[in-house]
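These are my notebook entries on one structure, kept in the order in which I looked things up. The sequence and the model are set out below.

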Amino acid sequence: MEKSTKDEIKEVKGFLPKAIKFANEINEDFAEGIAEFYQTIWDERENGLSMKDKHILVFTVACASNNVESASKILERLKKFGATRTEIYDAMMMAAWTGGIQNFTNVSSELLDKINKLGFE
């Protein structure tokens with residue numbers, strides 16, 4: 001049985017994004033279209049960003065946006081894709097630079113604990 005685009009996205013992201021779930025309640029073709037949009041973004045392309053790099057980028061954006069829930073989920077993916085503690089700390093510092101020290105303060109307490117629990121090297 002061939003995997004659907006939705007299944008492929010779930011495999012890459014570790015979960016099915018809410019946008020696809022909600023779209024599926026409205027219309028299956030609409031959900032498939034959104035899943036294809038996700039797939040286009042997350043596909044690895046020759047000379048493009050690696051899956052780890054893409055997750056580091058979205059982790060940085062989540063931290064800068066004070067989105068602890070999303071950043072926490074992304075940490076799990078970063079572990080899978082071999083990110084190092086130093087790479088994650090660099091991303092958090094960039095988030096502090098772009099999102100402000102208050103957002104850094106807000107996300108750091110929970111994320112530093114999760115980083116330790118996940119055992120990043």
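I began with the meeting of two helices: Phe59, Cys63 and Ala64 in α4 touch Asn103, Val107 and Leu111 in α7. Contact here means heavy atoms within 4.5 Å. I sorted the residues of this contact of α4 with α7 by class and noted five nonpolar, one polar and no charged. In this sorting Ala, Val, Leu, Ile, Met, Phe, Trp, Tyr, Cys and Pro count as nonpolar, Asp, Glu, Lys and Arg as charged, and the others, Gly among them, as polar. I then noted the packing of α4 and α7, at an angle of about 120° with axes 8 Å apart. The axes are lines fitted to C-alpha atoms, for helices over the stretch in contact, and the angles run from 0 to 180 degrees between N-to-C directions.

On the source, I recorded that the model is predicted, that local features need pLDDT of at least 70 and side-chain atom pairs count only at pLDDT 80 or more, while totals for chains, interfaces and linings use all residues. Residues are numbered from 1 along each chain as its sequence is written, and side-chain values use heavy atoms, with hydrogens and water left out. Helices are DSSP runs (H or I, at least four residues), numbered from the N terminus.

Next I looked up Cys63 by itself. Leaving aside residues up to four places away in sequence, Cys63 touches Ala71, Met92, Ala95, Asn103, Val107 and Leu111.

Which members of the largest nonpolar core touch the most other members? I found Phe59, Cys63, Leu75, Leu78, Ile88 and Leu111, out of 19 residues. At least two residues of this core come from each of α4, α5, α6 (85-99) and α7 (101-118). Apart from this core lies another, of six residues, including Ile9, Ala23, Ala31 and Ala35. A nonpolar core is a set of buried Ala, Val, Leu, Ile, Met, Phe, Trp, Tyr and Cys residues joined through side-chain atoms within 4.5 Å; buried means under 20% relative accessible area, exposed over 50%, and partly exposed in between (1.4 Å probe, protein chains only).

I turned to the largest pocket, which holds about 250 Å³ of space. Its lining includes Trp42, Val58, Val61, Ser70 and Lys73. α4 (51-64) and α5 (68-80) each supply at least two lining residues, and α5 gives the largest share, four residues. By class, I noted six nonpolar, three polar and three charged residues in this lining. On a 1 Å grid over the protein atoms alone, a pocket is an open set of points with protein on both sides within 12 Å along at least five of seven lines, whereas a cavity is a set where a 1.4 Å probe fits but cannot get out; lining residues have an atom within 4 Å of a point. Grid points are joined across faces, edges and corners, and a volume is the space filled by probe spheres set on the points.

How many cavities of 30 Å³ or more does the structure hold? I found one. The largest cavity is lined by Lys13, Phe15, His55, Lys73, Ile74 and Arg77.

Last, I looked up two backbone angles. Most residues other than glycine have a negative phi. Asn47, in the loop between α3 (28-42) and α4, has a positive phi of about 65°. Asn66, in the loop between α4 and α5, also has a positive phi, near 65°.
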